[in-house]
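Good morning, and thank you for making time for this presentation. Please keep the sequence and the model on the screen while I speak.

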Amino acid sequence: MGAILEINDLKKLAERRVPKMFFDYANSGAWTESTYRANEEDFAKIKLRQRVLVDITDRSLASTMIGQEVTMPVALAPTGLTGMQHADGEMLAARAAEEFGVPFTLSTMSICSIEDIASVTKKPFWFQLYVMRDRDFVLNLIDRAKAAGCSALVLTLDLQILGQRHKDLRNGLSAPPKFTPKHIYQMATRPRWCLGMLGTSRRTFRNIVGHAKGVGDLSSLSAWTNEQFDPRLSWDDVAWIKERWGGKLILKGILDKEDALMALKTGADAIIVSNHGGRQLDGAPSSISVLPEIVEAVGDRLEVHLDGGIRSGQDVLKALCLGARGTYIGRPFLYGLGALGKEGVTLALEIIRKELDITLALCGKRNIQDVGPDLLYRTVAREAVA
Ligand SMILES: Cc1cc2nc3c(=O)[nH]c(=O)nc-3n(C[C@H](O)[C@H](O)[C@H](O)COP(=O)(O)O)c2cc1C
């Protein structure tokens, strides 16, 4: 493998190092994957304005997300089964994010637990909540996140039932993996990954097993989600969750301006414009294409963040220009983790930082907090996001 210069290089290396079923779990969308593809493709349609002969010394990428300082406005998105991309994956990614100065968000469906992350980090991380039917378990999760000092709760709204991802079904995805001939082959051809897994005891959903009543085997993610996730979750529930949590609240999975206006009424601190990385409603628009109308609807009454399809610092800049206060990356950091562990996550962040910085300069700006739609080549941008 030659030099690693872009996120795609990390993706290629991850494919060689992570067993197929887990690499595919990251690299997949629902059904035809049209929304998964659109997330990336629509960024490419937006063009930047090249500006010259302005002083571009002393540039700054520092900003804030929900009032917390970040060295650049790019957080790590919550991703399930991250500890299956690499042994102790969530702990490694959380440490990389902390050292880099950006937020790490731990998924409810993580392999390493809230307490595992707290044991290896010094600064507060964010916790992502899925709401289960078992309300005692949900309340307990919120309390555990509080006890661990988490500084934001990210409530995911777009996965009360699981979108169908063909690759996962065909692969027979499970965590821990089953020992069928196919899976044994997939693992045996990834010896580095196997060695890592043999060296850790963290191989199941540690936020859940031993905490939720009657849950011992979570190996079938879709069956478990169907049984446990609460399909009646409504806007009214946001109120009790907000009250129990009592801290900064971010609502994740808003893709429609009507929903953005509902979110505003809840008093949440931020929303994440997101289609779950194209993993839920296939056929939904890309996140970047709906960002402008959502920003217009809510104005500056709450922070608007975005995820989905960000593969470079240029994409981050485009989202910020269209009104996002912050962004998140999912797959880019997972590829880094699968490829090179903690160093790979750091590398993914460094690649994005460098691209963001150079692009900012070539657009004639010095401060990331000073960007807006005027940096975009408007005629093309309008078409792209129409
Ligand atoms: C492998 C994988 C697992 C994910 N698991 C979760 C999860 O547990 N909770 C959640 O809110 N979002 C989850 N997401 C969605 C991400 O938080 C985020 O919305 C998405 O990855 C952004 O798109 P990107 O991967 O193109 O950056 C997951 C995404 C991926 C790729």
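Leu-81 counts as buried because 21 C-beta neighbours lie inside 10 Å. By buried I mean that 20 or more other C-beta atoms lie within 10 Å of the residue's own, exposed means 12 or fewer, and partly exposed falls in between, with C-beta atoms placed from the backbone. Leu-81 is located in the loop between E3 and helix H4 (89-100). Its phi is near 60°, a positive value in a residue other than glycine.

Two remarks on the source are needed. This is a predicted model, in which local features need pLDDT of at least 70 and side-chain atom pairs count only at pLDDT 80 or more, while totals for chains, interfaces and linings use all residues. Residues are numbered from 1 along each chain as its sequence is written. Helices (H or I, at least four residues) and strands (E, at least two) are DSSP runs, numbered from the N terminus.

Trp-31 also has a positive phi, near 40°, and is a residue other than glycine. Trp-31 sits in the loop between H2 and helix H3 (34-45). With 15 C-beta neighbours inside 10 Å, Trp-31 counts as partly exposed.

I turn to the sheet. It is open, has 8 strands in the order E3-E10-E9-E8-E7-E6-E5-E4, and its pairing is parallel. Strand E3 (74-76) and strand E4 (105-106) are at the edges with a single partner strand each, so one side of each has no neighbour in the sheet. Pairing here requires that DSSP finds at least two bridges between two strands. E3 and strand E10 (residues 326-329) run parallel and are joined by 3 bridges; Val-74 has Thr-327 in E10 as its bridge partner.

Apart from neighbours within four places in sequence, Ala-75 is in contact (C-beta atoms, placed from the backbone, within 7 Å) with residues including Met-65, Val-102, Gly-326 and Tyr-328.

Next, strand E7 (249-254). In E7, 6 of its 6 residues are buried. Strand E6 (residues 152-156) pairs with E7 in the parallel sense over 4 bridges, and Thr-156 stands opposite Lys-252. E7 is joined to E8 by 4 bridges, again in parallel, with Ile-271 in E8 as the bridge partner of Leu-251.

Finally, the ligand. Which residues are closest to the ligand? They are Ala-77, Gly-80, Ser-107, Gly-277 and Gly-330, out of 24 that surround it (C-beta atom, placed from the backbone, within 6 Å). The shell divides into 8 nonpolar, 12 polar and 4 charged residues. Here Ala, Val, Leu, Ile, Met, Phe, Trp, Tyr, Cys and Pro count as nonpolar, Asp, Glu, Lys and Arg as charged, and the others, Gly among them, as polar. Helix H2 (20-26) and helix H15 (331-362) each supply at least two residues of this shell.

How values were computed:
Contact = placed C-beta atoms within 7 Å. Axes fitted to C-alpha atoms, helices over the stretch in contact; angles between N-to-C directions.
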